[in-house]
Every structure is written in C-alpha cells, then in structure tokens.
Amino acid sequence: MMDTAKVRWPNSLWAAATPPGPDLPELIGAAEADVVVIGGGFTGLSTALHLREAGVDVAIIEAMEPGWGASGRNNGQVIPTLSRPDPDDIVAKHGAAGERFVALLRDSASTLFEVARRYQIQAEQEQTGWVQPVHSPGRIAIAERRVRQWSKFGAPVELLSRDQTRQMLGSDAWFGGFWNRSGGHINPLALSRGLARVVLEQGCRIYARSPAVSFERRNDRWVVKTEKGEISGRALIVATNAYTGEFSKSLMPAIAHEVMPVLSWQMAAQPLSETARQTIIPGRQAMSDTHGELYFARYDARNRLVTGGAVIGPGNKAERLKSIVAERLRRLWPQIGQVEFDYVWNGYVGMTTDFLPRIHRLGPDAYGWTGCNGRAVALSIALGDELSKAVRGVPQTDLALPFSEPAPIVAHRLLRRLAPLMLMVYRRRDAREIA
C-alpha cells in the first residue's frame with residue numbers, strides 16, 4: 001500500500017521542468033456532487049472538463065495529486081493507435097461499438113491537441129507526427145497492414161520506405177515504417193496540471209491526497225469512502241487504470257486484477273548539440289518501433305532526447321539502464337557522441353492479455369476503464385469525452401465505448417511477480433524475423 005501522507009514526486013524530467021500544480025484540499029467529512037470521478041489523471045480530468053462544459057456538477061477525488069500517477073510519468077508520446085491490435089481486430093471483437101471506438105482512436109491525438117489549444121494549456125505540445133519504424137525487413141508487413149487498415153478509416157497515415165525512414169529519423173537502423181501525421185508529443189505532467197487548473201476554473205472540485213478506499217450503491221446514489229470522508233453522487237466514473245489496486249486492495253479487485261501493472265522506465269538525456277539535433281529525428285517526430293523490448297524516443301522543449309528501456313534482475317536498475325540505453329542510442333545514432341542521463345524514473349503501465357483496453361459499466365450511471373497498454377495519453381483524453389456522455393444519458397448505441405465484463409487474470413499475484421521475465425521472451429521474439 002502507498003503512503004499518501006506526503007506526496008513525493010519521482011526524479012523525472014517532467015517534475016523538474018513543470019511549474020507546480022494548484023493547491024488542493026483533502027476530502028474531509030461529507031460532500032456531494034452530481035458526478036464523482038475517482039482519479040485525477042488524464043481520464044478523470046478530461047471527463048470532468050467535458051462534464052463542466054455541459055454544466056454538470058462534478059468532483060474529483062485523487063489519491064495523491066493530479067498527474068502523480070501514470071499521466072505525469074509517461075514518455076509523453078501522443079499516439080492515435082493501440083499498441084498491437086489494429087482496426088480489424090477491434091471491429092472483429094466489438095462490432096459496431098468497435099467501429100465507433102476505432103473512429104475515436106483515429107481522432108484521439110487531434111482531440112488532445114485541440115483541448116490544449118482551446119484552453120491555452122502550455123504543455124510543450126508539438127503535433128509533429130508519430131512514426132513506428134520496423135526493426136527487420138519482414139516486419140514491413142506490420143507497417144503495410146496498419147497503413148492499409150487505418151487508411152480505410154480515414155486516418156492520416158503513410159507507409160515509409162527505408163530511405164524515407166532514414167531521412168526522418170537520421171538512422172540506418174530501421175527498414176521502413178508507418179507514419180501517422182496527427183501524432184506528436186507533450187510534457188505529460190504539464191498537461192495534467194494544466195487540465196487541473198482548467199477544470200477548477202470551470203467550477204469542478206478536486207480533492208487531493210484522498211485515496212478512495214471503497215464505493216457502494218446507497219439510496220440510489222454512489223457513495224465513495226476515503227480515510228477522512230465520503231462523497232456521494234448520482235453517477236460515478238472510475239479512472240484509476242494501472243493504479244486501481246495500489247492504494248486500496250478493496251476498491252475494485254476484479255478490475256485491478258484484469259490488468260498487469262508493469263514498471264515502465266523513462267530517461268532524459270542531457271540536451272543534444274544543435275549539430276546532433278539536426279541529424280537525429282530532425283523533424284522532431286515521436287518515435288516508437290516494433291521491438292517488444294521497445295525502442296522509443298522524442299525531444300522535449302529543451303532538446304533533451306527522452307527515451308527509456310527495460311531491465312530485470314538485482315542491483316541499481318536506474319544505473320544499469322543508463323549504460324544499456326546509452327549504448328543503444330549510440331548504436332542507433334552513431335553521430336550522437338557521448339550520452340549522459342540527468343533523469344531516470346518509472347511508473348506503472350496497465351497491460352492486458354490481448355493488449356485491448358477494458359471498458360466497463362459498473363452499475364447504474366457508473367463507468368470505468370483500464371488497460372492502457374502504453375497508449376493512454378491520447379486515448380484517455382478522448383475517452384473522457386465519451387464517459388461524460390455516458391453519465392449524461394447518451395444512448396449506448398451512440399457511444400464509442402465497447403463494453404465488456406471484468407475478467408480478472410487467474411493467479412494475478414504470482415504472475416505480477418513473474419511479469420518482468422517477459423522481457424526475455426520479447427528479446428527472443430525481437431531477434432527472430434517474421435514471415
């Protein structure tokens with residue numbers, strides 16, 4: 001269980017570079033709202049914003065501070081796809097709701113950038129596109145499939161040849177790729193804190209350092225209990241994703257156990273020289289490739305290359321990663337020279353067994369979702385709008401929400417301990433060519 005007595009921020013680039021968030025009260029005693037949102041990350045803040053735009057009274061309860069969890073710790077890549085499932089996979093599983101969800105996903109990056117523009121949120125946003133290069137010749141089939149399927153839904157995508165990929169990324173390491181022009185990158189903590197300020201200005205209440213312990217249905221209202229108080233509402237949104245079971249094991253065990261919280265490590269290098277920056281991802285796109293042990297990078301506003309990696313075993317993982325990832329960057333971009341990292345941090349990513357998100361009806365006027373699978377930045381902002389429509393009574397047939405029943409992973413506790421070992425499986429798969 002996590003201690004909320006004092007909020008400790010990770011040693012992240014985002015925490016160092018972002019102005020402090022608003023001062024927020026704890027939930028002490030009893031309170032009411034029309035809609036109660038559990039979780040002050042991207043989903044919760046976006047839901048609250050869209051509810052306030054519709055004139056709905058809403059309150060957020062947050063275990064730490066807005067952006068403390070995954071929303072403020074991630075790499076900040078704005079990617080309008082899922083990590084592995086493509087449109088045909090989504091539609092095959094969810095039918096018409098899947099088609100609506102694909103359209104939501106297609107527009108999710110543009111939705112995020114438009115929200116930031118509309119409310120003048122300064123989040124270091126750059127809509128420069130997102131590219132997924134392929135790391136072996138055979139994997140060009142992945143890029144071809146994704147371009148073909150996303151093109152059917154009108155996404156601004158393009159297949160890149162090896163030469164085009166070399167020009168875009170400044171490296172010979174890849175064999176072509178898939179480019180989506182609507183993607184890009186942000187400072188995720190700045191977006192979180194910016195959204196928090198906006199929703200407060202719009203009349204939302206945010207209670208911080210107030211982790212939800214449990215909730216129940218009482219007298220046709222949802223009652224959420226915290227250690228120091230409780231708040232009731234006509235409707236409820238649970239937006240806690242990979243952190244659902246981290247503060248209270250009794251909050252929603254069935255949903256907490258249908259995702260595997262996996263540590264995702266992020267790193268920020270010292271600012272690159274102007275000469276290096278002009279030849280390494282010169283167009284400043286966000287990049288994450290087809291490795292299972294993902295290779296990814298983007299620039300921040302100070303020309304730091306923000307990347308990351310994975311590591312297993314004993315010892316100082318942060319120091320080990322510095323050596324591993326520095327060597328990787330020199331291999332990908334020999335022109336980069338010496339690589340030094342000033343910041344190394346981590347946060348949880350909620351992984352599902354099929355890499356699809358889980359969206360649930362929790363009861364009358366109660367909804368939640370989990371299972372970001374490393375694609376929550378754009379998707380969470382877009383889902384916030386849909387969840388706000390759901391609690392406002394929009395018919396299910398008009399919602400881009402493919403609902404399912406909770407399906408906890410069997411032997412979750414054991415598998416959580418073993419999950420880091422999947423890195424060895426990914427490395428083995430990455431080394432193989434595909435037909």
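Trainee: Which element contributes the largest share of the nonpolar patch?

Mentor: The largest share, three residues, comes from α13; helices (H or I, at least four residues) and strands (E, at least two) are DSSP runs numbered from the N terminus. This is a predicted model, in which local features need pLDDT of at least 70 and side-chain atom pairs count only at pLDDT 80 or more, while totals for chains, interfaces and linings use all residues. Residues are numbered from 1 along each chain as its sequence is written, and side-chain values use heavy atoms, without hydrogens and water.

Trainee: Which residues make the nonpolar surface patch?

Mentor: Like charges are joined within 9 Å, and nonpolar side chains (Val, Leu, Ile, Met, Phe, Trp, Tyr) within 5 Å. Areas follow the Shrake-Rupley method with a 1.4 Å probe, and for residues only the protein chains shown count as cover. Here L414, L415, L418, L421 and M424 form a patch of about 420 Å².

Trainee: Why does L418 count as partly exposed?

Mentor: Buried means under 20% relative accessible area, exposed over 50%, and partly exposed in between (1.4 Å probe, protein chains only). L418, found in helix α13, is partly exposed because its relative accessible area is 38%.

Trainee: How is empty space located?

Mentor: Rolling a probe the size of a water molecule over the atoms shows where empty space is left. On a 1 Å grid over the protein atoms alone, a cavity is a set of points where a 1.4 Å probe fits but cannot get out; a pocket is an open set with protein on both sides within 12 Å along at least five of seven lines, and lining residues have an atom within 4 Å of a point. Points are joined across faces, edges and corners, and a volume is the space filled by probe spheres set on them.

Trainee: Which residues are closest to the centre of the second largest pocket?

Mentor: That pocket holds about 350 Å³ of space. Among its 17 lining residues, E246, K249, H412, R413 and R416 are closest to the centre. Helix α13 gives the most to this lining, with four residues.

Trainee: What lines the largest cavity?

Mentor: I90, H94, F101, L356, P357 and P402 line the largest cavity, which has about 40 Å³ of space.

How values were computed:
Patches are made of residues with over 30% relative accessible area and no salt bridge: like charges are joined within 9 Å, nonpolar side chains (Val, Leu, Ile, Met, Phe, Trp, Tyr) within 5 Å. A salt bridge is a side-chain nitrogen of Lys or Arg within 4 Å of a carboxyl oxygen of Asp or Glu.
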